[in-house]
Amino acid sequence: MASVLNSVYSIRLSSNPLRTPQLSAPPISHSFGRRRLVVKSTETDTDEVRAKALDKAPAESGSSINQILGIKGAKQETDKWKIRVQLTKPVTWPPLVWGVVCGAAASGNFHWTLEDVAKSIVCMLMSGPFLTGYTQTINDWYDREIDAINEPYRPIPSGAISENEVITQIWVLLLGGIGLAGLLDVWAGHNFPVIFYLALGGSFLSYIYSAPPLKLKQNGWIGNFALGASYISLPWWAGQALFGTLTPDIIVLTLLYSTAGLGIAIVNDFKSIEGDRKMGLQSLPVAFGTETAKWICVGAIDITQLSVAGYLLASGKSYYALALLGLIAPQVFFQFKYFLKDPVKNDVKYQASAQPFLILGLLHGKELCKGNGTLHCAPLVLLEAHRGSLPLGRVESVCSNVIDAIHNPSIHALKVAVISSIRGSRSSFLALSLYLIRCEANDIAHVVAKLSGVCVDRLPS
């Protein structure tokens with residue numbers, strides 16, 4: 001019997017090299033080509049981390065789809081291009097793509113022409129694969145020590161991709177995204193490269209979110225709101241700036257809607273509780289505990305959307321408000337079915353089930369910006385035209401949409417007067433612009449009556 005036990009013991013040792021007795025255990029080390037990256041965890045025993053690599057590693061029959069999407073349950077892959085795609089986490093792209101759609105729709109100036117569709121696709125590529133891919137890759141790079149604890153089988157801590165390859169990917173995605181932003185500014189005829197600076201600012205925010213010394217993600221509230229704003233506000237602003245004018249009220253309203261994004265960001269923190277706690281990161285699940293944090297998460301998502309629905313109802317857009325409520329209901333259902341039962345185990349199921357309804361809700365949230373935003377942008381558009389910084393065709397199109405948004409019987413006469421004034425002298429521009437700035441945009445009847453008179457009085461002879 002003793003001989004049998006000795007045989008079994010020797011087999012176990014030979015089949016598990018991580019548990020082979022050593023006089024001194026070396027630090028966790030992963031080979032990256034010619035260079036070596038040493039991954040150490042604060043107050044974590046090396047042998048303990050190595051042992052967890054076997055316990056947490058995905059099964060041999062992991063999903064290839066999960067691998068490409070960059071989510072849990074991924075198949076271990078050796079193909080470098082598949083690993084590169086995995087690092088960009090394509091599953092996180094859809095909210096940014098929809099953000100661009102919402103911004104374009106809210107501008108009131110998107111048309112189903114080949115050129116406008118092409119512009120929007122390029123803007124989606126910039127926001128999704130390039131800049132979101134950059135954000136996810138650089139986040140994984142700076143989280144490699146935490147991932148060595150939570151998910152040691154991921155591409156970087158497992159050594160499936162080298163240090164130089166990761167750094168190259170970060171730079172290619174960053175420069176590619178910023179380059180596309182500059183191209184969009186030229187394509188849209190912007191005098192000021194607003195999309196370029198949005199891309200630059202978003203990229204900087206992504207860097208300080210993940211990288212020391214600031215590392216915003218160390219603070220659960222600031223880090224998660226920054227992440228939520230990046231996922232909702234920045235692509236919205238890019239889409240709106242591409243086809244219209246980005247105004248302060250739109251910026252404020254989208255930042256408010258980004259509170260729902262804070263809730264989405266918290267969902268991703270539950271899977272990293274163990275590593276965050278050991279590395280001293282104060283994510284909300286670590287700071288408040290799992291039970292409290294999960295209610296903060298769903299509260300941020302639901303209360304934000306209910307507030308938007310209430311605002312739409314108060315603004316007389318009852319159909320949009322009811323539609324948004326219809327999209328909130330399934331989210332609440334999946335919160336109770338999956339997330340609130342076990343936020344660690346069911347985070348992927350919850351996001352896959354509920355997030356599509358949240359994204360569709362963004363399309364209804366755009367109604368917050370569509371009407372008033374169009375009217376408020378009129379003075380800015382006309383002033384730009386007065387300075388000669390906008391093409392005549394675009395000014396006519398924007399002003400046409402402004403007048404159409406008023407919904408008044410005298411629309412046609414006013415529309416003709418505005419366009420005639422645009423084609424007239426520079427002084428007509430200035431007089432009309434100054435009046436629009438002084439007038440109360442919410443008093444539609446007053447605007448229609450007075451603006452018509454100003455336009456007619458100022459028409460060139």
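**Ground rules**

I am working with a predicted model, in which local features need pLDDT of at least 70 and side-chain atom pairs count only at pLDDT 80 or more, while totals for chains, interfaces and linings use all residues. I number residues from 1 along each chain as its sequence is written, and side-chain values rest on heavy atoms, with hydrogens and water left out.

**Entry 1: the whole chain**

I began with the secondary structure and noted 23 helices and two strands, both taken as DSSP runs numbered from the N terminus (helices H or I, at least four residues; strands E, at least two). Of the 461 residues, 50% count as buried, where buried means under 20% relative accessible area, exposed means over 50% and partly exposed lies in between, for a 1.4 Å probe and protein chains only. I then looked up contacts, meaning heavy atoms within 4.5 Å: among those between residues at least 6 apart in sequence, 69% join residues at least 24 apart.

**Entry 2: α10 and its two partners**

How do α6 and α10 pack, and at what angle? Helix α6 (residues 114-142) and helix α10 (residues 194-210) have axes 9 Å apart and an angle of about 20 degrees, which makes α6 roughly parallel to α10. The axes are lines fitted to C-alpha atoms, for helices over the stretch in contact, and the angles run from 0 to 180 degrees between N-to-C directions. Under 35 degrees counts as roughly parallel, over 145 as roughly antiparallel, 65 to 115 as roughly perpendicular and the rest as oblique.

I recorded the crossing of α6 and α10 as right-handed, that is, with the near helix turned clockwise from the far one by less than a right angle, anticlockwise being left-handed. On the α6 side the contact includes Met-126, Leu-131 and Tyr-134, and on the α10 side it includes Ile-195, Ala-199 and Ser-203.

The residues of the contact of α10 with α11 divide into twelve nonpolar, three polar and no charged.

**Entry 3: the loop between α10 and α11**

I checked the backbone here against the background that most residues other than glycine have a negative phi, and most peptide bonds are trans. The peptide bond from Pro-212 to Pro-213 is cis, with omega near 10 degrees, and Pro-213 is found in the loop between α10 and α11 (220-243). Lys-215 lies in the loop between α10 and α11 and has a positive phi of about 40 degrees although it is not a glycine. Lys-215 counts as buried, at 10% relative accessibility.

**Entry 4: Lys-89 and α5**

Is Lys-89 buried or exposed? Lys-89 is buried, with a relative accessible area of 9%, and I placed it in the loop between α4 (80-88) and α5. Its phi is positive, near 50 degrees. Leaving aside neighbours within four places in sequence, Lys-89 is in contact with Leu-69, Gly-70, Gln-136, Asp-140 and Arg-154.

Helix α5 (residues 94-107) has 14 residues and reaches 20 Å from first C-alpha to last, close to the expected 20 Å, the expected span being 1.5 Å times one less than the number of residues. Buried residues in α5 include Pro-95, Leu-96 and Gly-99. After α5 comes Gly-108, with a positive phi near 70 degrees.

I placed Pro-285 in helix α14 (residues 284-288), and at 1% relative accessibility Pro-285 counts as buried. Not counting residues up to four places away in sequence, Pro-285 touches Asp-269, Phe-270, Ile-273, Thr-290 and Ala-293. For helix α15 (residues 290-314), the 25 residues should span 36 Å, and the end C-alpha atoms are 36 Å apart, which agrees. Just after α15, Gly-316 takes a positive phi of about 85 degrees.

Methods:
Ala, Val, Leu, Ile, Met, Phe, Trp, Tyr, Cys and Pro count as nonpolar, Asp, Glu, Lys and Arg as charged, and the others, Gly among them, as polar.
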